[in-house]
Amino acid sequence: MRDDRPNATDSTADGLTHTTDDGDVQMVDVGDKPDSKRRAVAAGEIRLQSSTIEAIREDGIGKGDVLATARVGAIQAVKHTWETIPMCHQIPITNVDTEFSLADDHVELEVAVETTGKTGCEMEALEGVTTGLNVVWDMVKAVEKDDEGQYPATGIENVRVLAKEKHRED
């Protein structure tokens with residue numbers, strides 16, 4: 001399978017960038033790529049009971065401020081993406097913005113990540129979203145459980161990359 005995308009590193013005969021000719025997994029060599037300003041934005045949602053949303057709004061969750069804690073978790077995840085995603089480069093994070101919005105039945109989290117470097121930051125944005133939403137779940141799980149200890153109304157969904165930008169440094 002050939003990868004004809006611009007900027008794809010053709011490191012093997014088949015054009016697979018994360019595999020050697022022998023089929024071994026490898027990190028892509030980005031050393032010769034020029035530095036570029038890069039930005040990626042990802043988003044996702046956690047579906048919750050309306051009573052849980054109201055408790056978040058009123059700072060009524062026993063574990064503490066749900067969104068402040070989730071914001072810290074999201075930023076920490078962005079900074080540590082290279083440790084959890086195999087073959088992901090450690091990149092210099094120059095900025096992370098997190099934005100929560102509360103609806104009647106869900107919390108949406110949007111994470112924007114910026115870097116200047118040789119590779120993109122969409123994985124960092126996705127890690128920020130998924131970890132931030134997992135932190136929300138952890139903070140509210142006591143009030144989300146039903147009588148059997150299950151989470152029938154709770155779910156993380158619609159995680160996606162909204163935008164990816166690259167601007168060449170001059």
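Guide: Let us begin with T154, whose relative accessibility is 8%; buried means under 20% relative accessible area, exposed over 50% and partly exposed in between (1.4 Å probe, protein chains only), so T154 counts as buried. This is a predicted model, in which local features need pLDDT of at least 70 and side-chain atom pairs count only at pLDDT 80 or more, while totals for chains, interfaces and linings use all residues. Residues are numbered from 1 along each chain as its sequence is written, and side-chain values use heavy atoms, with hydrogens and water left out.

Visitor: Where is T154 found, and with which residues is T154 in contact, leaving aside its neighbours within four places in sequence?

Guide: T154 is found in the loop between α4 and β4. Helices (H or I, at least four residues) and strands (E, at least two) are DSSP runs, numbered from the N terminus. With neighbours within four places in sequence left aside, T154 is in contact (heavy atoms within 4.5 Å) with I46, R47, L48, W137 and E144.

Visitor: What makes the approach of T154 and E144 a polar contact?

Guide: A polar contact is a pair of N or O atoms within 3.5 Å; within protein, one must be able to donate a hydrogen and the other to accept it, and residues adjacent in sequence count only if both atoms are side-chain atoms. The side chains of T154 and E144 are joined by such a contact of 2.5 Å. Another polar contact, of 2.4 Å, links the side chains of E83 and H80.

Visitor: Why is the pair of W137 and Y151 called edge-to-face?

Guide: Rings of Phe, Tyr and Trp (its six-membered ring) pair if their centres lie within 6.5 Å; planes under 30 degrees apart count as stacked, over 60 as edge-to-face and the rest as tilted. The ring centres of W137 and Y151 are 5.5 Å apart and the planes stand at 70°, so the pair is edge-to-face. By this rule the count comes to 1 aromatic pair. The pair links W137 in helix α4 with Y151 in the loop between α4 and β4, 14 residues apart.

Visitor: Are W137 and Y151 buried or partly exposed?

Guide: W137 has a relative accessible area of 22%, so W137 is partly exposed. Y151, at 26% relative accessibility, also counts as partly exposed.

Visitor: How do you know which strands lie at the edges of the sheet?

Guide: Two strands pair if DSSP finds at least two bridges between them. The 4 strands form an open sheet in the order β2-β3-β1-β4, with antiparallel pairing. Strands β2 (93-102) and β4 (155-168) are the edge strands, as each pairs on one side only. From one strand to the next, the twist averages 15°.

Visitor: What makes β1 and β3 a pair?

Guide: Strand β1 (residues 36-47) and strand β3 (residues 106-117) share 12 bridges in the antiparallel sense, and R38 stands opposite T115 in β3.

Visitor: Which strands does helix α4 lie across?

Guide: Helix α4 (residues 122-144) lies across β1, β2, β3 and β4, running at about 25° to β1. Such angles run from 0 to 180 degrees between N-to-C directions, with axes as lines fitted to C-alpha atoms, for helices over the stretch in contact. Helix α2 (residues 66-79) lies across β2 and β3, at about 145° to β2.
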